[in-house]
Amino acid sequence: VGKSTVTVNLAVSFAQKGNKVGVLDADIHGPSVPRLLGLEGQRVKTGPAGIFPVDGPLGTKVMSIDFFLPEQAPTIWRGPLMMMAISQFFSDIVWGELDFLFIDLPPGTGDEPLSIAQLLPEMDGVVIVTMPSELSSAVVKKSITFAERLNMPIIGVVENMSGFVCPHCGVKTEIFQSGGGKKMAQE
């Protein structure tokens with residue numbers, strides 16, 4: 001549905017406004033933040049203080065499991081290893097002073113979102129990303145219930161892919177319809 005794209009676009013937008021921004025790619029099995037930010041093949045640097053995030057666009061600090069793996073290598077881990085890695089992203093990474101930390105999560109309510117909820121119980125909030133299809137809405141509603149049960153404030157709903165604007169004629173076509181995100185936010 002474009003969760004990673006929304007995450008990096010929000011992060012870069014906040015950085016453009018002069019904020020100190022970090023981006024954590026917590027999608028352990030499907031990290032895409034490095035690619036979206038043009039950071040493929042980058043590696044972290046280490047020092048006596050710990051592990052340093054990769055420098056991204058506009059001074060953003062970026063961390064992803066992808067920076068530790070050989071190119072195209074899959075992460076074949078079960079829950080405890082994922083929880084440990086995410087925990088280390090907070091404890092062993094030298095983020096420096098940040099105004100905002102944007103965390104990209106995989107779809108659903110599995111290990112990664114649960115780990116983040118447990119490790120950051122006082123987070124400012126979550127942004128729910130959906131697209132205007134009934135299937136997406138059904139899955140995203142479970143994520144909303146998950147966030148509510150774990151007392152994670154929902155600060156926004158983004159409906160992605162609600163239309164395609166033709167670059168030649170400017171006509172908007174609603175490939176997947178639109179309005180599902182608005183309806184979900186109202187509910």
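These legends accompany close-up views of a predicted model. Local features need pLDDT of at least 70 and side-chain atom pairs count only at pLDDT 80 or more, while totals for chains, interfaces and linings use all residues. Residues are numbered from 1 along each chain as its sequence is written, and side-chain values use heavy atoms, leaving out hydrogens and water.

View 1. The strands follow the order 4-5-1-6, with mixed pairing. Strand 4 (54–55) and strand 6 (100–104) stand at the edges with a single partner strand each, so one side of each has no neighbour in the sheet. Here, strands are DSSP runs of E with at least two residues, helices are runs of H or I with at least four, and both are numbered from the N terminus; two strands pair if DSSP finds at least two bridges between them.

**View 2. Where strand 4 meets strand 5.** Look for the two bridges that join strand 4 to strand 5 (residues 61–64) in an antiparallel arrangement. Asp55 has Lys61 of strand 5 as its bridge partner.

**View 3. An aromatic cluster of Phe14, Phe100 and Phe102.** Rings of Phe, Tyr and Trp (its six-membered ring) pair if their centres lie within 6.5 Å; planes under 30 degrees apart are stacked, over 60 edge-to-face, and the rest tilted. Phe14 and Phe100 are edge-to-face, at 4.7 Å centre to centre and 80 degrees between the planes. This pair links helix 1 (residues 3–16) with strand 6, 86 residues apart. Phe14 also pairs edge-to-face with Phe102, at 5.1 Å and 75 degrees.
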